[in-house]
Amino acid sequence: MVVQVKSNSNQYSKTMDGNQQKVEANVLLLGAENVGKSALTVRFLTRRFIGEYGDIESIYSHIDKIDGREISFNIWDSLYPQSCETTESISEKQLQWADGVILVYSICDRSSFEVVRQQVQLIRQMGKLSASVPIIIVANKRDLQHQRVVSSEEGRLFALSADCSFFEISAAETYHGVLLVFHELLELIKETRAIKKGVAGIKGIVRSVSAVFGKKRE
Ligand SMILES: Nc1nc2c(ncn2[C@@H]2O[C@H](COP(=O)(O)OP(=O)(O)OP(=O)(O)O)[C@@H](O)[C@H]2O)c(=O)[nH]1
């Protein structure tokens, strides 16, 4: 059940003094069930890990301050549909809404890694006609090393080949890794907007060059 959907994804609005601009970013969390999408969201919103989250699909709003600037994150914590193929697991509506996507898998669950592979392909196919949305792949449950079935290298290489950023984290253990994921996605969203406007900054150019020459991005 979606409890709140903001349809105006738009991006910049003037603050009171008219000088600084407030940045708004719509973040879509995808991935198989039980990989920690809600854990990641709740960690980011509250800094806490509460263990059990229930099966609720929600959009949360959260204001963060980064480098003195207010950032308004809208986070769509999706539910992976049990009764359909992966090819039907992302809707047009979700992609149109999203400024950036976080795809989560569990390092202990190979099938969840396969879901991420398929969802990357699907997003790229669905976005063919529009500019592509930035994607971060998150390998979660890093604390469960003894149950690991997907190596860091495998995740990283796949992300590199799919032109996505990659993080391996534990939503259970630390807030910091989760924070880095959202901040990196915000940077990518800002770059994508700048490119759309034709004003990619030096950082964006460096990233593009790095991507062409195959430098790792984290
Ligand atoms: N050990 C460990 N457990 C985690 C971690 N992140 C989430 N979990 C656990 O994994 C289970 C699933 O977490 P959720 O956040 O509900 O996963 P989800 O992807 O939102 O699941 P759905 O609601 O089914 O889509 C819960 O029991 C969490 O406590 C982690 O980093 N480490």
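Helices are DSSP runs of H or I with at least four residues, strands are runs of E with at least two, and both are numbered from the N terminus.

Before going on, the source. This is a predicted model, in which local features need a pLDDT of at least 70 and side-chain atom pairs count only at pLDDT 80 or more, while totals for chains, interfaces and linings use all residues. Residues are numbered from 1 along each chain as its sequence is written.

On confidence: pLDDT is the predictor's confidence in each residue, from 0 to 100. The protein chain has a mean pLDDT of 84, and 77% of its residues reach 70 or more. Over residues 1-19 the pLDDT is below 50, and this stretch has 27 contacts in the model beyond near neighbours in sequence. A contact is a pair of residues whose C-beta atoms, placed from the backbone, lie within 7 Å. Where pLDDT is low, the predicted coordinates should not be read in detail. The model scores are ipTM 0.98 and pTM 0.84.

Now the overall layout. The protein chain has six helices and seven strands, and from the N terminus on the order is β-β-α-β-β-α-β-α-β-α-β-α-α. Of the 218 residues in the chain, 34% are buried. Among contacts with a separation of 6 or more, 67% are between residues 24 or more positions apart.

Back to α5. It has 22 residues and spans 32 Å from its first C-alpha to its last, close to the expected 32 Å; the expected span is 1.5 Å times one less than the number of residues. Glycine 198 follows α5 and has a positive phi, near 80°. Glycine 177 also belongs to this helix. Is glycine 177 buried, exposed or partly exposed? It is partly exposed, because 18 other C-beta atoms lie within 10 Å. Setting aside residues up to four places away in sequence, glycine 177 touches Phe167, Ile169 and Ser170. Its C-alpha is 9.9 Å from that of arginine 43, which is 134 residues away along the chain.

Next, the core. A nonpolar core is a set of buried Ala, Val, Leu, Ile, Met, Phe, Trp, Tyr and Cys residues joined through C-beta atoms within 7 Å. In the largest one, with 49 residues, Ile102, Leu103 and Val138 touch the most other members. Elements supplying at least two residues each include β2 (21-31), β5 (100-106) and α3 (110-126). The largest share, seven residues, comes from α5. Leucine 103 is in contact with Leu30, Gly31, Val116, Gln119, Val120, Ile135, Ile137 and Val138, leaving aside neighbours within four places in sequence. As background, in soluble globular proteins nonpolar side chains tend to be buried together.

Helix α1 is mostly covered, with eight of its 10 residues buried. Lysine 37 sits in this helix. Why is lysine 37 classed as buried? Because 27 other C-beta atoms lie within 10 Å. Lysine 37 touches Leu29, Gly31, Asp77, Ser78 and Val104, not counting residues up to four places away in sequence. Lysine 37 and aspartate 77 are 40 residues apart in sequence, with 6.6 Å between their C-alpha atoms.

The ligand is surrounded by 20 residues, the closest being Glu33, Gly36, Ser38, Ala39 and Ala172; a residue counts as near if its C-beta atom, placed from the backbone, lies within 6 Å. Helix α1 (residues 37-46) gives the most to this shell, three residues.

Last, two backbone points. Arginine 47 lies in the loop between α1 and β3 (58-66) and has a phi near 70°, positive in a residue other than glycine. Arginine 47 is exposed, because it has 12 other C-beta atoms within 10 Å. Aspartate 163, in the loop between α4 (152-161) and β7, has a positive phi of about 60° although it is not a glycine. Aspartate 163 is partly exposed, with 13 other C-beta atoms within 10 Å.

Notes: Two residues are in contact if their C-beta atoms, placed from the backbone, lie within 7 Å. A residue is buried if 20 or more other C-beta atoms lie within 10 Å of its own, exposed if 12 or fewer, and partly exposed in between; C-beta atoms are placed from the backbone.
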